[in-house]
Amino acid sequence: MLLALPHFLSFSQREVLVFLTINVLVVCSYRLLTLTGEWSLGHVVMMGVGAYASAILAKRFGVHVPVAMLLGAGIAVVVALALSFPLFRMKGFYFLIGSFAAGEIIRLLWKRFRDPFGGPKGIKRIDPMPDIDFGFWQFTAFDPVSYYYFVLVVVTASLVVMWRIENSRIGLTFHAVHWQDSLAQASGISVRAYRTLALVIASGFAGLAGALLAHYIGTVNPNMFDIEQMVYVLTWAIVGGTATFYGPIIGCIALTVVNEIVLRELGLEQGRPLVYGLLLIGTVLFLPKGLEDAVARTWKLAAGLWSGRQVGGGR
Amino acid sequence: MFELLAQTGLNALYAAAYLSLVAVGLVLIFGVMGIINFAHGELFMIGAYVVVALYSDLQMPFVLVAAIGLVFVGCIGILMEFTMFRPLRDNPLGGLVASIGFLMVLQALVALGFGVRMEHVPPFTQEVIVLSDRVRLPVHRLIVIVSSATLLAALWLFLKRTKFGWALRASAQDPEAAALQGISLRTTSLIAMFIGGALAGIAGSLTAPLISVTPTMGHSVIVAAFIVIIVGGIGSLEGAVLAAIVYAFVHTGVTTYIDGVIADIVGLSLMLAVLIVRPTGIFGARDRA
């Protein structure tokens, strides 16, 4: 179904589909970070680190684009590792603010230093993916359908890796660090090491997403990774719910559909922050576990009706 | 050299004046309710747009408009308390997230109502006090400085001398003990939200003619206010005022001698350094988060 999807859409909707797929990777990697209980406001900047690094490597040093993307993700990992030393002296609200400050400093450095970051206008004319002829199928970088298939493969592979991580010993330890941090510490788990691990993995995938974006739209600038974008990612995660793997994906898809289809058709794109803000408040007030909870309840209810037994609202 | 220093000092004093109004409200709300209000910069912005609507467009007297800004934004604070913070009393993260949602709503409403372009507000008075050749103080800036000082003094008297002030400080110190003494946390939260909103609102109203008014102007204000309350020690009102002065001098100084972006980086680094070395802040003693 995901393979057939682009053929039912208009050109601009195909472009949206590419962005949506990249955003799924961003929001899923964000959730991986929140597993340890820390909410960051610097995640989109880590995405930007991957984008800038990959763009500079490809444009300045002529690195082959797919290699540059992987190196971009690697550089995001290194930057996250470096940031983890100051940031994990903080917890909770302080971490939130600290991660914002660290991210904003990086963003302002991009803005301030024209060489090599291009200043406020950023980097333009970033090398696209090279065209590849597979014989049975031709990959063309400027065709959204081609790029969509490429991104779909990369994102699916990344999601599988994150899924495996979450369901391994490491993932279970993330949960332990979140819910029972003193107990975990007492059991000989280095809480800080696992928090760092979560941050580093999440930032690596965010960096990869940034690189995918940069080589598609061909330009990066500091405003692409500002706090507004971060708030959108936060909204996807919270509206979708972060208890399950699929929650943030639902949130991201649902809100993109609302934004691109409903608002665009009505010509109310200006109202995007209004709708997002109201949804965010509404979710926190009335559906604190997010859409995933609504899905789970509906599913249970449907299953209950199907088997002829009443399941009391799934509570 | 001395003249440039004096001029920077005056500029910093003006920045410190409106910044401390915003930061003190933020601290008050955090102290009483344990919630970080991310929408506080937008309350400042609404205060400025009250001036755009009533003073530049309808030509009402500035003093009246500033008073309306104070009350109106204070009432928005009360609205936030009723609709979001009260239902989310036991969920500080939820309150924080809801305030981010509220920030987006306010920004979008103002953008839809007034457009996203910069608004030009004529100053209350064009007069400039010429202290020397290169040291000048526009009277409007002096008005901001004096009114801020007056408002802060009034707040100080309210908190230290009145029954409500005592109740407010008690519930900031220990909400449970305060509740046991018969202090209604609902009432103190309402008062805190009103005062916090009102201070941010009048700060926005007073400075509207002096800064660029756009729907996103709250962003730089809230970042500066966060730096101030972290450096000042979260939960300490005196610390916030002191830190606002320190921050304004550093930021204005760096902006004058190097450039604005570097000044922002220096400010954020200052906050990060305080968070690393002493998360309770330089002047604060208590940790509630």
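The model shown is a predicted one.

**Chain A as a whole**

Chain A contains 13 helices and 2 strands. Its C-alpha trace spans about 60 × 50 × 40 Å along the principal axes. The radius of gyration of chain A is 20 Å, which agrees with the value near 20 Å that a compact globule of 315 residues would have. Of these 315 residues, 45% count as buried. Among the contacts of chain A between residues at least 6 apart in sequence, 72% join residues at least 24 apart.

**The side of chain A that touches chain B**

Next, display both chains. The two meet through 30 residues of chain A, in contact with 31 residues of chain B. On the chain A side, at least two residues each are supplied by α4 (92–112), α10 (227–240) and α12 (272–286). The largest share, 12 residues, comes from α4(A). By class, this side of chain A has 21 nonpolar, 5 polar and 4 charged residues.

**Helix α4 of chain A**

Now select residues 92–112 of chain A, which form α4. From its first C-alpha to its last, α4(A) reaches 30 Å with its 21 residues, close to the 30 Å expected at 1.5 Å a residue. The helix is mostly covered, with 16 of its 21 residues buried.

**A:Pro222 and its surroundings**

Proceed to A:Pro222, in the loop between α9 (191–217) and α10 of chain A. Is A:Pro222 buried or exposed? A:Pro222 counts as buried because it has 22 C-beta neighbours inside 10 Å, and the threshold for a buried residue is 20 or more. Leaving aside residues up to four places away in sequence, A:Pro222 touches A:Arg107, A:Trp110, A:Lys111, A:Pro120 and A:Gly122.

**Two backbone features in chain A**

Select A:Asp115 and A:Pro116, which are joined by a cis peptide bond with omega of about 5°. A:Pro116 lies in helix α5 (residues 114–117) of chain A.

Move on to A:Arg125, found in the loop between α5 and β1 (132–133) of chain A. This residue has a positive phi of about 50° although it is not a glycine. A:Arg125 is exposed, with 9 other C-beta atoms within 10 Å.

**A helix crossing in chain B**

Turn to chain B and select α6 (residues 163–173) together with α8 (residues 185–207). At what angle do the axes of these helices cross? They come within 10 Å and cross at roughly 100°, which makes α6(B) roughly perpendicular to α8(B). To view the contact, show B:Phe164, B:Ala167, B:Leu168 and B:Ser171 on α6(B), with B:Leu185, B:Thr188, B:Ile191 and B:Ala192 on α8(B). This contact comprises 6 nonpolar and 2 polar residues, and no charged ones.

**A final stop in chain B**

Finish at B:Gln59, in the loop between α2 (40–57) and α3 (62–85) of chain B. B:Gln59 is not a glycine, yet its phi is positive, at about 60°. B:Gln59 is exposed, with 10 other C-beta atoms within 10 Å.

Conventions: Residues are numbered from 1 along each chain as its sequence is written. Chains are lettered from A and ligands numbered from 1 in the order in which they are written. This is a predicted model: local features need pLDDT of at least 70, side-chain atom pairs count only at pLDDT 80 or more; totals for chains, interfaces and linings use all residues. Two residues are in contact if their C-beta atoms, placed from the backbone, lie within 7 Å. Helices (H or I, at least four residues) and strands (E, at least two) are DSSP runs, numbered from the N terminus. Ala, Val, Leu, Ile, Met, Phe, Trp, Tyr, Cys and Pro count as nonpolar, Asp, Glu, Lys and Arg as charged, and the others, Gly among them, as polar. The expected span of a helix is 1.5 Å times one less than its number of residues. A residue is buried if 20 or more other C-beta atoms lie within 10 Å of its own, exposed if 12 or fewer, and partly exposed in between; C-beta atoms are placed from the backbone. Axes are lines fitted to C-alpha atoms, for helices over the stretch in contact, and angles run from 0 to 180 degrees between N-to-C directions. Angles under 35 degrees count as roughly parallel, over 145 as roughly antiparallel, 65 to 115 as roughly perpendicular and the rest as oblique. The radius of gyration is taken over C-alpha atoms; the globule rule is 2.2 Å times the number of residues to the power 0.38.
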